[in-house]
Amino acid sequence: MTTMPNSLRNGPDERGFFGLYGGRFVAETLMPLILELEQAYDDARKDPAFKAELASLSTHYAGRPSALYYAERLTEHCRALTGGKFGAEIWFKREELNHTGSHKINNCLGQILLARRMGKTRIIAETGAGQHGVASATVSARFGLPCVVYMGATDVERQKPNVFRMKLLGAEVNPVTSGAGTLKDAMNEALRDWVTNVADTYYLIGTAAGPHPYPAMVRDFQSVIGTETKEQFHAAKGRLPDAVIACIGGGSNAIGLFHPFLDDPEVAIYGVEAGGHGVDVPNGHAASMTGGRPGVLHGNRTYLLQDGDGQILEGHSISAGLDYPGVGPEHSWLKDTGRVTYVPATDKEALDAFVLCSKLEGIIPALEPSHALAHVLKLAPTMDKDKSIVLCLSGRGDKDVFSVAGYLGETMSEM
Amino acid sequence: MTETRISRRFAAVAAQGRPALVTFVMAGDPDFDTALSIVSALPAAGADVIEIGMPFSDPMADGPAIQAAGLRALHGGQTLVKTIELVRRFRAADAETPIVLMGYYNPIYVYGPERFLTDAKAAGVDGLIVVDLPPEADDELCTPALAAGLNFIRLATPTTDDHRLPRVLANTSGFVYYVSITGITGAAKPDAARVAEAVGRIKRHTSLPVAVGFGVRDAETAREIGRNADGVVVGSAIVQAIAGSLVDGKASPATVAAVTTLVADLARGVAAARAAE
Ligand SMILES: Cc1ncc(COP(=O)(O)O)c(C=O)c1O
């Protein structure tokens with residue numbers, strides 16, 4: 001590998017490691033497939049025809065570029081808290097405006113083109129909140145491939161609108177009852193399917209985790225978020241933002257926003273994990289970097305929520321999309337290097353931010369980016385008024401309205 | 001590598017003109033004491049090599065039966081420390097039957113690979129199978145394990161082609177575990193003819209014994225598969241026999257016998273494997 005000195009953007013190494021993290025910890029049955037995938041992705045990314053097709057779909061199908069929006073009333077709200085003395089400008093990178101309602105489509109379009117290129121005829125995916133499941137079902141429909149989505153039974157219950165959406169798109173949704181029935185269990189089951197159906201099946205992983213080359217590949221497909229942000233912010237302000245911030249489930253929207261800014265030291269970078277009931281509550285949160293330690297799961301070494309015997313904990317978050325005991329390996333490395341600051345936000349803080357954003361901006365955010373917004377609400381009032389923060393508004397909250405109604409004590413008839 | 005309990009046992013069994021019966025049980029399933037009683041009863045019932053599962057919360061390569069066995073063990077308080085203790089207690093009474101620990105990397109990684117190898121070796125463990133450590137990750141555990149005098153047994157699968165096979169076999173020792181299907185444990189019954197062909201292919205690349213597992217559930221399949229293999233591995237069927245013997249999720253007086261009866265039957269299967277048709 002030709003390493004440019006002083007760049008944080010050259011990982012992973014040829015064995016798939018970001019420092020200590022990442023790698024290819026998979027069963028032998030999958031190893032040849034992963035090597036084949038790595039080769040196929042390497043070829044595709046250098047192929048102008050592949051890039052052109054992806055760019056065209058991103059524009060005409062997904063609706064890119066997504067808007068960069070100045071959230072004026074939230075900014076005013078934060079300024080009012082300081083008596084008008086402080087308060088950075090709050091900007092939203094509006095990934096919730098994409099087709100299917102989140103950033104997940106960016107990755108799915110890239111991977112479905114790769115699957116087709118590799119001659120695969122069946123798509124499988126795992127999903128937590130259902131946004132990745134919906135995006136996978138969507139691109140599978142668009143390319144005429146059968147799609148099987150694994151989703152924890154608990155998540156099937158709390159994300160009903162998305163379950164119906166996937167079915168409407170022609171996907172088969174398989175509820176997974178093992179473990180706590182959340183994202184990690186769905187990923188286990190997807191891996192079991194893949195190991196069984198190696199010949200024809202493409203595993204469309206939804207976040208920047210899993211064995212190499214997935215973390216790097218998903219990051220590359222999501223980096224459009226940060227690349228556009230950089231251009232759009234420059235067009236608006238003629239400079240770089242002072243801070244960028246995103247929520248962390250497996251870390252795909254976050255790494256997509258962060259990666260183009262890693263070598264700009266004047267830009268502060270924050271990742272917000274799910275603090276659940278509080279990071280001091282045993283097994284009551286899903287903040288794997290704040291409250292976990294390194295281990296090996298789902299094909300990569302990374303920070304994990306686990307007990308002293310190396311058994312993985314289920315974790316907890318109000319948000320199904322953040323309810324994962326691990327995190328993409330590049331984030332683990334960025335944490336250790338200190339380039340990115342990772343902080344938790346609790347269920348309650350996220351819920352408050354969800355409500356506030358809806359009322360003040362007329363934008364109902366998904367519960368996942370509501371965690372990042374909760375931290376913005378703490379951060380902005382501490383910064384000068386001539387500073388700016390860009391938040392990745394990774395998805396819209398339509399999928400969450402039923403469960404939020406429940407938390408707020410309202411009753412709604414379910415769909 | 002020099003002679004080990006594993007190589008001695010495969011040689012002895014081959015001299016009897018039959019394949020080895022390799023049995024899998026989960027450490028701590030359904031509780032520590034019962035698991036120790038089961039493991040201790042396996043050699044007399046006809047097991048030649050014993051694989052002991054190290055329970056893990058997320059067994060990605062296992063089907064429902066072994067997943068459930070792992071959960072029973074974890075609910076019963078099993079840990080890697082106790083699994084090593086189980087081997088130590090077994091070894092105190094049986095100096096010859098090879099013991100192979102099988103599982104996933106994370107509990108070992110958290111225990112500390114070097115400390116794990118020292119403790120496992122001292123307890124009388126002979127070999128390791130770690131599902132999620134392919135040859136690409138040999139520096140993690142395989143190379144240190146070989147240095148510590150433990151066998152590192154690798155899985156070869158239907159997707160391991162001739163091009164890749166030498167890489168998989170390079171640091172393998174003790175025996176090669178051929179996974180007869182693409183899939184998880186306890187899945188479909190393997191096709192005996194295809195397995196025979198694959199075993200032949202592997203044997204062209206190595207002089208190590210080749211044991212075949214995944215999907216062998218009864219004496220008849222054990223006999224069929226054992227005709228061409230040096231060993232036959234049975235796991236899901238055994239842990240299901242344990243599951244079937246439980247009363248309210250706990251061991252019953254029938255639990256140990258449920259296992260030994262099945263294993264004795266499987267032993268008759270492998271004994272007949274090379275008999276003239
Ligand atoms: C809207 C939204 N944001 C964020 C996430 C978290 O995933 P990641 O960390 O990979 O961006 C999800 C996952 O379902 C999501 O639906």
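**Backbone, ligand site and charged pairs**

Tutor: A:Pro12 is placed in the segment that precedes strand 1 (17–18) of chain A; helices (H or I, at least four residues) and strands (E, at least two) are DSSP runs numbered from the N terminus. The model is predicted, so local features need pLDDT of at least 70 and side-chain atom pairs count only at pLDDT 80 or more, whereas totals for chains, interfaces and linings use all residues. Residues are numbered from 1 along each chain as its sequence is written, chains are lettered from A and ligands numbered from 1 in the order written, and side-chain values use heavy atoms, leaving out hydrogens and water.

The peptide bond that joins A:Gly11 to A:Pro12 is cis, with omega near 0 degrees. A cis bond also runs from A:Arg64 to A:Pro65, where omega is near -5 degrees; A:Pro65 belongs to the loop between helix 2 (48–62) and strand 3 (68–70) of chain A. A:His298 is not a glycine, yet its phi is positive, at about 50 degrees. This histidine, A:His298, occupies the loop between strand 11 (293–297) and strand 12 (299–304) of chain A.

At the ligand, 18 residues form the surroundings, a residue being near if one of its heavy atoms lies within 4 Å. The closest are A:Thr207, A:Gly249, A:Gly251, A:Ser252 and A:Ser394. By class, this shell holds 5 nonpolar, 11 polar and 2 charged residues; Asp, Glu, Lys and Arg count as charged, Ala, Val, Leu, Ile, Met, Phe, Trp, Tyr, Cys and Pro as nonpolar, and the others, Gly among them, as polar.

Polar contacts are pairs of N or O atoms within 3.5 Å; within protein, one must be able to donate a hydrogen and the other to accept it, and residues adjacent in sequence count only if both atoms are side-chain atoms. A side-chain N or O atom of A:Thr207 is 2.5 Å from a ligand oxygen, and a polar side-chain atom of A:Ser252 is 2.7 Å from an oxygen of the ligand. A ligand nitrogen lies 2.6 Å from a side-chain N or O atom of A:Ser394. Alone, the ligand exposes 390 Å², of which the protein buries 98%, by the Shrake-Rupley method with a 1.4 Å probe.

Elsewhere, A:Glu228 and A:Lys93 form a salt bridge, their closest N and O atoms 2.7 Å apart; the term requires a Lys or Arg side-chain nitrogen within 4 Å of a carboxyl oxygen of Asp or Glu. This pair links distant parts of the chain, 135 residues apart: A:Glu228 in helix 10 (residues 224–237) and A:Lys93 in strand 4 (residues 89–94), both of chain A.
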